[in-house]
Amino acid sequence: MTSSDTPDRDQGHRDRMRRKKDVIDAAIARADREQGLLLVLTGNGKGKSSSAFGMVARALGHGLQVGVAQFIKGCQDTGEEAFFRRQPGVTWKVLGEGFTWETQDRARDAATAQAGWAQARAMLRDPALGLVVLDEVTYPLKYGWLEMAEVLADLAARPSGQHVVITGRAAPEALCAVADTITEMADLKHAFRAGIKAQKGVDL
Ligand code: ATP
Ligand code: MG
């Protein structure tokens, strides 16, 4: 037994843990409502889309049906897309083209985004979908290709039990205002800046 390893110290630890447990149990008991949630995953760090796709796996594991709408088509196909397209219960739609600096045509980008939103809206109106992921939708909002008021109205009108996850950098204020949970990924370090290209299974 070390000098700090005394029965008094053990008792103190037990008391602290009991108080902590009481506080946590009370908080759990208070959170007794069921509700479809709106989550926003934003920030410059890595992990937004992969976190959203982790929730797709969770939802499927519980037997929910899931819709995924990707607003920006990356240059490479992701492992999640290949995997989840094979799963029953998943509707996966790629609605965007490249980035605006690739298409370099504002009117075309806006038209693509609006046609994409019509498909996302259909997901938000489908009561069979327990989870809808709107991946990278912050970009068409930021560039003004989509009307914020229209997006907010469609989100508000969705079935009450449906969860929605929105990903993308620079989430607009108006979206954050109506979100239930917001996580900001911080970019503390990224391998890309050390000259390492996107790795399969990690970045795509
Ligand atoms: P992931 O898909 O890995 O969860 P993300 O959705 O948070 O990443 P995006 O902005 O959508 O990030 O970018 C997707 C791609 O860019 C991924 O390959 C990711 O590894 C990479 N990436 C994300 N953040 C950074 C960063 N800060 N610097 C360089 N590359 C990044
Ligand atoms: Mg992403």
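How many Å separate an oxygen atom of ligand 1 from an N or O atom in the side chain of Lys46? The answer is 2.6 Å, and that is a polar contact (a pair of N or O atoms within 3.5 Å; within protein, one must be able to donate a hydrogen and the other to accept it, and residues adjacent in sequence count only if both atoms are side-chain atoms).

Some ground rules before the rest. This is a predicted model, where local features need pLDDT of at least 70 and side-chain atom pairs count only at pLDDT 80 or more, while totals for chains, interfaces and linings use all residues. Residues are numbered from 1 along each chain as its sequence is written, chains are lettered from A and ligands numbered from 1 in the order in which they are written, and side-chain values use heavy atoms, with hydrogens and water left out.

**Exercise 1. Describe the surroundings of ligand 1.**

Step 1: Collect the shell. Ligand 1 is surrounded by 15 residues, and the closest are Lys46, Lys48, Ser50, Glu136 and Asp203; a residue is near if one of its heavy atoms lies within 4 Å.

Step 2: Sort the shell by type. You get two nonpolar, six polar and seven charged residues. Here Ala, Val, Leu, Ile, Met, Phe, Trp, Tyr, Cys and Pro count as nonpolar, Asp, Glu, Lys and Arg as charged, and the others, Gly among them, as polar.

Step 3: Find the main contributor. Helix 2 gives the most to this shell, with three residues. Helices (H or I, at least four residues) and strands (E, at least two) are DSSP runs, numbered from the N terminus.

Step 4: Look at backbone contacts. A polar backbone atom of Asn44 is 3.0 Å from a nitrogen atom of ligand 1, and one of Gly47 is 2.9 Å from an oxygen atom of the ligand. On its own, ligand 1 has 580 Å² of accessible area, and the protein covers 79% of it (Shrake-Rupley method, 1.4 Å probe).

**Exercise 2. Work out the protein side of the magnesium site.**

Step 1: List the donors (N, O and S atoms within 2.8 Å of the metal, or 3.2 Å for Na, K and Ca; water is not among the atoms, so sites may look incomplete). For the magnesium ion (ligand 2), they are Ser49 (OG) and Glu136 (OE), 2.0 to 2.1 Å away.

Step 2: Ser49 sits in helix 2 (residues 48–61), and Glu136 in the loop between strand 4 (129–135) and helix 6 (138–142), so the pair links parts of the chain 87 residues apart.

Step 3: Buried or exposed, which label does Ser49 get? Ser49 is buried, because its relative accessible area is 16%. Glu136 is buried too, because its value is 18%. Buried means under 20%, exposed over 50%, partly exposed in between (1.4 Å probe, protein chains only).

**Exercise 3. Compare sequence and space separations.**

Step 1: Take Gly144 and Ala110. They are 34 residues apart in sequence and 7.9 Å apart in space, C-alpha to C-alpha.

Step 2: Take Ser49 and Trp117. Here the sequence gap is 68 residues and the C-alpha to C-alpha distance 18 Å.
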